[in-house]
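I open the notebook on a new structure today. I want to look up how its parts are built and how they meet.

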Amino acid sequence: MAHQAHSYHMVDPSPWPIFGAAAALLTTSGLIMWFHYNSSVLLTLGLISMLLVMLQWWRDIVRESTFQGHHTPTVQKGLRYGMILFITSEAFFFLGFFWAFFHSSLAPTPELGGQWPPTGIKPLNPMEVPLLNTAILLASGITVTWAHHSITEGNRKHAIHALTLTILLGFYFTALQAMEYHEAPFSIADSVYGSTFFVATGFHGLHVIIGSSFLTVCLFRLIKFHFTSDHHFGFEAAAWYWHFVDVIWLFLYMTIYWWGS
Amino acid sequence: AGTGTGTGTGTGTEREREPGEGGEAAGSRSDGAAPPAGDLASDQEQATGLERKVLEAMNKGLVSGGCSLPPPPGEEDNSCVIWFWLHKGEAQRCPSCGAHYKLIPHELPH
């Protein structure tokens, strides 16, 4: 009968945590080697091993949950808390970069010409591509909600359509941002304006790529019938993350793009 | 309505839905039948392992969902937990309701 008298998941021994730590060490030291000694071997090794750990760790979680049934409501509750805490930590991460932006832009120094944007900087027009990007992410927030409703109603066809649309919108955003980066008249080296602009929007873009990847994995799992109309937390976590990415963009747009121009 | 002939654009064959069926949650079918091919299953249909055991116990009313509602009027109020140390040896009685409790060794089969 029952092999345990509780509804928690006592995970089997796994190599992924320590391999993940090793990958993190390779990646961080690899960054140093790349920044200071013009060598990208360690960084490449680090990123590849990080990717391999992520694929195999999350593959194991899908096996434990969907195929072995270890994710009881109790376990799911813990995962919900975990995802909320993680997203909160990411919010604080971005808070730092917004702080840096306001520190420099609210009291522009004489070196910048005592103004913001600094003398000589031609900021991007917030009413052009950035506004389109805002519309794209807002629309993707609607389509991901449509996908969620479709899942809870058991409608697989609509869920697949809506989630695919969400992912395509995410790719469209990324493509447009890449083009903007390429065409921008200023670079990251252009005073603290360039630093704050590209670090804040750059990390946001990275999170869009992460979120799109998460949603893509969910699309594969949706197609393969992993989710039920009641239990689909992987999708919910991806949707929460996606909404978070959208909100960060809205703050970026209002502060750096619009007020900052 | 019969089964539609699927042209398979990756979503499988789909049964034509009869009017009035749209929007019905997959898990709430009264006839207990499997959902039409191409739709998502419910936990009742697809859950496995310990998750399924918990689900079945909850359906049978053996285990609560976790929330504590006030008891209906007339029922005894059992919502306060009485804590006390239980020592090996002689059976002890709950200081509130007097039920007997005895500490015994027990190992789960594994």
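**Entry 1: chain B, fold**

I read chain B along its sequence and noted the pattern α-α-β-β. That makes two helices and two strands in chain B. I keep in mind that this is a predicted model.

Next I looked up burial. Chain B has 110 residues, and buried residues make up 16% of them. I also checked contacts between positions with a separation of 6 or more in chain B. Residues 24 or more positions apart account for 5% of those contacts.

**Entry 2: chain B against chain A**

How many residues of chain B are in contact with chain A? I found 23 residues of chain B, and they touch 31 residues of chain A. The two chains bury about 2,100 Å² between them. Carbon and sulfur atoms give 56% of that area.

Then I asked which three residues of chain B supply more of its buried area than any other three. They are B:Leu40, B:Leu50 and B:Glu51. Together they supply 30% of the area that chain B buries against chain A.

I looked for salt bridges across this interface and the rule found zero. Polar contacts gave another count: nine residue pairs between chain B and chain A, with both residues at pLDDT 80 or more.

Which elements of chain B give two or more residues to this side? I wrote down α1 (43-46) and α2 of chain B. The largest share comes from α2(B), with four residues. I sorted the side of chain B that touches chain A by class as well. It has eight nonpolar, 10 polar and five charged residues.

**Entry 3: the domains of chain A**

I moved to chain A and looked up its domain assignment. Domain 1 covers 1-70, and domain 2 covers 72-257. Taken over C-alpha atoms, the centres of these two domains of chain A are 24 Å apart.

I then checked how they meet. Eight residues of domain 1 of chain A are in contact with five residues of domain 2 of chain A. The two domains bury about 560 Å² between them. Of this area, 59% is on carbon and sulfur atoms.

Which residues of domain 1 of chain A lose the most area to domain 2 of chain A? I noted A:Ser7, A:Val62 and A:Thr66. Together they make up 57% of what that side buries.

Salt bridges across this domain interface of chain A: the rule finds zero. It does find four residue pairs in polar contact there, both residues at pLDDT 80 or more. The domain 1 side that touches domain 2 of chain A has three nonpolar, five polar and no charged residues.

**Entry 4: salt bridges**

Where did salt bridges turn up, then? I reminded myself of the general point: side chains of opposite charge can pair when their charged atoms come close.

I started with A:Asp60. Its side chain meets that of A:Arg59 in a salt bridge, at 2.8 Å from N to O. The side chain of A:Asp60 also meets that of A:Arg63 in a salt bridge, at 3.8 Å from N to O. So A:Arg63 still counts as a partner, because the cut-off is 4 Å. A:Arg59, A:Asp60 and A:Arg63 are linked in a network of salt bridges.

I checked where these residues sit. A:Asp60 and A:Arg63 both lie in helix α2 (residues 41-67) of chain A. They are three residues apart, about one turn of the helix.

Is A:Asp60 buried or exposed? A:Asp60 is buried, at 17% relative accessible area. A:Arg59 is partly exposed, at 34%. A:Arg63 is partly exposed too, at 42%.

**Entry 5: a salt bridge in chain B**

I looked up one salt bridge in chain B. The side chains of B:Arg52 and B:Glu56 meet at 3.2 Å, N to O. Both residues lie in helix α2 (residues 49-59) of chain B. They are four residues apart, so about one helical turn separates them.

I ended with their accessibility. B:Arg52 is partly exposed, with a relative accessible area of 21%. B:Glu56 is partly exposed as well, at 35%.

Definitions and conventions:
Residues are numbered from 1 along each chain as its sequence is written. Chains are lettered from A and ligands numbered from 1 in the order in which they are written. This is a predicted model: local features need pLDDT of at least 70, side-chain atom pairs count only at pLDDT 80 or more; totals for chains, interfaces and linings use all residues. Side-chain values use heavy atoms; hydrogens and water are left out. Domain bounds come from an automatic or database domain assignment. Contact means heavy atoms within 4.5 Å. Buried area is the accessible area (1.4 Å probe) that two parts lose on being put together, summed over both. A polar contact is a pair of N or O atoms within 3.5 Å; within protein, one must be able to donate a hydrogen and the other to accept it, and residues adjacent in sequence count only if both atoms are side-chain atoms. Ala, Val, Leu, Ile, Met, Phe, Trp, Tyr, Cys and Pro count as nonpolar, Asp, Glu, Lys and Arg as charged, and the others, Gly among them, as polar. Buried means under 20% relative accessible area, exposed over 50%, partly exposed in between (1.4 Å probe, protein chains only).
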